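Have a look at the model first.

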Amino acid sequence: MTTNSPTNQYTFGMIGLGTMGRNLLLNMADHDFAVAGYDKNPAQSELLEKDGAGKIVKGFTELEPFIKSLKTPRSIMMLVPAGKIVDSVIAELVPLLDKGDIIIDGGNSHFTDTTRRDGELARQGFHFFGMGISGGEEGARHGPSMMPGGDKEAYQVVEPVLTAVSAKVNGDPCVTYIGPGASGHFVKMVHNGIEYAIMQLLAETYEVMRKGLKMSNAEMHDVFSGWNAGRLQSFLLEVTADIFAYTEPGASDILLDGIKDEAKSKGTGKWTSQIAMDLVTPVSAIDSAVSMRDLSKYKTERVEASKLYDTEYAGLDVDKDAFLIELEQAYYFAMIVAYAQGMHLLHSASTQYGYDLNLESISKIWRGGCIIRSTFLETMMEAYGTNPDLKHLLLSPAVSDIINETQPGIRSVVGAAVASGIALPTYATALSYFDAFRSADMPANLIQAQRDYFGAHTFERIGQDGVFHAQWQGDQAQP
Ligand code: 6PG
């Protein structure tokens with residue numbers, strides 16, 4: 001905290017010194033940037049200075065001296081809970097700023113709020129960035145993946161700081177200018193949607209292993225760890241493997257077994273599904289992940305239903321080792337579909353919102369620091385690098401090779417699980433989505449006929465221009 005007020009001294013300012021804000025600021029200080037933080041709570045400000053001892057770090061509990069302490073044009077990031085608080089912080093901030101100052105919202109704000117705030121602040125002469133930050137506490141402290149969207153010229157001002165603190169993969173920073181307006185927050189939202197789908201796939205894998213293969217936590221730890229040493233390597237797989245082996249200090253039981261089976265969420269997965277519907281771009285694996293988190297909350301009803309219906313799982317009648325090989329293939333297949341659906345949504349948003357997204361760059365900055373980082377992202381980056389106009393990831397030859405190789409595995413796993421009553425909706429929808437996507441002819445002609453039959457909504461004919469309506473009950477020759 002400060003009593004004497006430094007002026008025009010610090011390169012970067014942070015509002016909100018909770019875990020993420022404090023750690024990101026300390027990360028900046030590690031890279032020799034002079035930084036200042038503001039939080040109304042003196043304890044947070046004191047903790048920042050304590051943790052930043054020996055570095056150029058200053059904590060403030062009052063907004064005005066904090067703002068004055070920053071070099072101009074000022075670069076100020078907010079890391080406060082998404083929603084109304086962001087608006088109230090901006091309202092407090094604006095009278096103290098000068099034109100040309102840069103405000104960055106580093107939280108998980110809804111992209112439509114970011115669009116509104118960007119417009120309002122631009123009219124007042126300020127630059128606004130909606131920036132997705134992924135990687136949690138560890139990422140913030142030692143290198144997150146960051147997705148900044150906003151004014152391209154203003155980005156030059158903050159670029160050195162963001163590049164320095166970001167995660168690095170083979171020396172490449174996991175941050176890049178994403179695009180105009182709310183594009184950064186849109187991309188982070190879709191990142192989270194993919195995160196939901198992959199987490200749910202891992203949960204369904206756990207379900208198949210424990211109920212279908214009757215595996216112990218120790219066995220699951222070994223299998224997940226083994227997978228993580230191969231082509232499936234990813235942060236979420238690594239985390240999951242660890243969970244199967246974790247006991248609290250002094251305890252002997254695996255903590256996982258004592259955790260309630262009701263999942264919470266902050267909304268980014270749901271937003272992804274909602275927007276995907278608006279943009280007419282199906283993301284069924286993400287939808288399924290959101291639905292399953294929601295269904296988990298109906299514990300009382302599920303317990304009642306479990307008594308009403310037979311829920312004794314006999315286990316899968318399979319050769320365990322052979323099935324685990326298929327399960328590895330199934331997970332790879334479904335994970336790729338989850339990424340492909342998310343990227344398809346980014347492709348649609350890029351055109352429809354004018355974000356002009358570079359999907360190769362986005363794949364590149366997701367390779368490190370973020371929650372969905374995985375070895376597969378190298379393949380995804382190459383796919384978009386080879387063909388920047390790629391309309392859908394499943395149309396990439398490199399990806400189709402993997403999909404063809406893993407397809408038998410997912411068919412076998414979904415078939416066996418469905419036959420024995422084990423729920424794996426996200427695997428199943430990933431497979432069905434693929435089967436529909438690769439169909440040159442879908443049964444949608446029947447949908448059009450039905451619509452025209454009961455609602456005269458018209459249909460189009462193959463090989464003939466125009467729209468048509470049939471007298472479905474009166475026109476045709478009777479058999
Ligand atoms: C990240 C995470 C992060 C957070 C999610 C959790 O990229 O670092 O996505 O943003 O963990 O918001 O989301 P839910 O609470 O909705 O699961």
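Predicted model: local features only at pLDDT ≥ 70, side-chain atom pairs only at ≥ 80, totals over all residues.

Residues are numbered from 1 along each chain as its sequence is written, and side-chain values use heavy atoms, with hydrogens and water left out.

**Ligand contacts**
- Serine 134 has a side-chain N or O atom 2.5 Å from a ligand oxygen.
- Arginine 293 also brings in a polar side-chain atom, 2.8 Å from an oxygen atom of the ligand.
- On its own the ligand exposes 410 Å², and the protein buries 80% of that (accessible areas by the Shrake-Rupley method with a 1.4 Å probe).

**The shell around the ligand**
- There are 14 residues around the ligand, and the closest are Ser134, Glu195, Tyr196, Lys266 and Arg293; a residue counts as near if one of its heavy atoms lies within 4 Å.
- By type, the shell splits into two nonpolar, eight polar and four charged residues, with Asp, Glu, Lys and Arg taken as charged, Ala, Val, Leu, Ile, Met, Phe, Trp, Tyr, Cys and Pro as nonpolar, and the others, Gly among them, as polar.
- Helix α8 (residues 183-212) gives the largest share of the shell, five residues; helices (H or I, at least four residues) and strands (E, at least two) are DSSP runs numbered from the N terminus.
- Because domain 1 (12-181) and domain 2 (188-437) both give residues to the shell, the ligand lies between them; the domain bounds come from an automatic or database assignment.

- Most residues other than glycine have a negative phi, and most peptide bonds are trans.
- Aspartate 32 is not a glycine, yet has a positive phi of about 65°; it sits in the loop between α1 (19-30) and β2 (35-38).
- The peptide bond from threonine 72 to proline 73 is cis, with omega near -10°, and proline 73 is in the loop between α3 (63-68) and β4 (75-78).

Definitions and conventions:
Polar contact = N/O pair within 3.5 Å; in protein donor to acceptor, adjacent residues only side chain to side chain.
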